[in-house]
Amino acid sequence: MRSIRLHDTRSGDVLPLAPDDPARVGIYACGPTVYSRIHIGNARPFVIFTVLKRFLEHEGYGVNLVINVTDVNDKIYDAANAADRPSAELAAEMTELYEADTDALGLGRPDHEPLASQTIGPIVAHIAALVDGGHAYAADGDVYFRVRSDAGYGSLSHRRLDDMDQGEDVEGAQRKEDPLDFALWKGHKEGEDTVWDSPWGAGRPGWHIECSAMAEQLLGIGFDIHGGGSDLVFPHHENEAAQTRAARGSELAKLWMHNGMIQFTGEKMAKSVGNIALLGEVIEQYGSEAVVMYLLSGHYRQPLAFSMDELEEADRRVQRVRDALRRLDVGTPSPPDMAHHADAFFDALANDFNTPTALAALFEWVREANRRGGDVGDADLREMLGVLGLGGLTPLQSAGDVAAIDPQAVALLQQRERARAERDFAKADEIREQLRELKWEIRDGPEGPELIPSSRQ
């Protein structure tokens, strides 16, 4: 079991992972607010924390991964009203689509995926504890957290109190004791079609308290890792931490781990900006393996540039692995003198989950295996790919293999080559699409075209 070190946003240091029980490492990552289909930026934390779980399990830890779904939120009401639909119906549909889109990544599901709408009881109990302790107050059906009652407020985001803006609507500002205070419970308003009872009147929870309650319900207090995008550090995670500290007298999580945003033309990818690439469409175009390879290509703490060139490069890297797998001895041990590449791979993941350095070690292994030609077992490579969630990669198929599996695909490939020789590129493209319908992709290499089993949906 390697010593795992991860960057902690609160301390600013890379700290050792030190679970009280290595068999029960708790990870909570903030999932999507389901008011529309998710984009590839929303997929980055899903991939980062799912693959982190896979790595920790490889190292001998037991892991309980929780990624929530926020299905009660102002953005959902706004989107539902704009579409003239019930908000619960819209949220349920988008939750199903989120699950389908992330299923298509091929990484499996988190251990728990709680819904805010199904956690109202624990949310109300948490708010009541804050009110009883003097850390929150009711005002005309709303309940607000007294930010200045928490001496540790700002310790996560490293902001001065007077420089903070909760970003909440001006509506309700007159009911706050202090502009810094934020909503825990919101009284029912016109246009909001979901409502729950509470000691303070009918309404629904605020965003921040939802995650505090869901995390505590499933992982307890002081769990090991709280994750999410860096855009959530303030106010969302700062407020989560404050609520738990005030209500329970303890920190919610030991480590706060944040991934950088995906950037499109230098700007954060966001639905509000409109510069989004929907995850399902990107997977359909490039395949799940290329999408996972792309999302792991940069260090999780840094922004990640998004472009078609980046996805195409990720796809080329996937094909390099497929090509190597074809030459390897299936199911046999790798040469002992190549093990240092695999050691470097796992050491990089242990050092603040450095996936680009790990991938560099993986491709060094591939490069050396290619130099040696045959008689190299695939065990090391399969082990590394399995941790990355790419264990299902299949090798490139030789013409003989494809002919035995799908003679129709081979015939279409031959027709495509004749069309290209006659410079009928429109027909060649049409045949490529026919092959895709048969679940085959064409790879044009120096030795001619090859057929690859398609991972596209």
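## Burial and basis of the model

A residue counts as buried when its relative accessible area is under 20%, as exposed when over 50%, and as partly exposed in between, using a 1.4 Å probe and protein chains only. With a relative accessible area of 6%, Phe306 is therefore buried. Buried residues account for 54% of the 457 residues in the chain.

The model is predicted: local features need pLDDT of at least 70, side-chain atom pairs count only at pLDDT 80 or more, and totals for chains, interfaces and linings use all residues. Residues are numbered from 1 along each chain as its sequence is written, and side-chain values use heavy atoms, leaving out hydrogens and water.

## Overall form

The chain holds 15 helices and 15 strands, taken as DSSP runs (helices H or I, at least four residues; strands E, at least two) numbered from the N terminus. The C-alpha trace spans about 75 × 50 × 35 Å along its principal axes.

Contact denotes heavy atoms within 4.5 Å. Among contacts between residues at least 6 apart in sequence, 74% join residues at least 24 apart.

## Nonpolar cores

A nonpolar core is a set of buried Ala, Val, Leu, Ile, Met, Phe, Trp, Tyr and Cys residues joined through side-chain atoms within 4.5 Å. The largest has 83 residues, of which Ile40, Leu56, Phe353, Leu362 and Leu381 touch the most other members. Helix H1 (residues 40-58) gives the most to this core, contributing ten residues.

Setting aside residues up to four places away in sequence, Leu56 touches Ile4, Leu17, Val25, Ile27, Tyr61 and Val63. A second, separate core of 21 residues includes Val124, Leu180, Trp185 and Ala213.

## Aromatic pairs

Rings of Phe, Tyr and Trp (its six-membered ring) pair if their centres lie within 6.5 Å; planes under 30 degrees apart count as stacked, over 60 as edge-to-face and the rest as tilted. Seven aromatic pairs are found in a search of the whole structure. In one of them, the ring centres of Trp185 and Trp200 are 6.4 Å apart and the planes stand at 55 degrees, so the pair is tilted. This pair links distant parts of the chain, with Trp185 in strand S7 (residues 182-187) and Trp200, 15 residues apart from it, in the loop between S7 and strand S8 (203-205). Both Trp185 and Trp200 are buried.

The rings of Tyr294 and Phe306 have centres 6.0 Å apart and planes at 75 degrees, so this pair is edge-to-face. Tyr294 lies in helix H8 (residues 288-295) and Phe306 in strand S13 (residues 304-306), twelve residues apart. Tyr294 counts as buried, at 1% relative accessibility.
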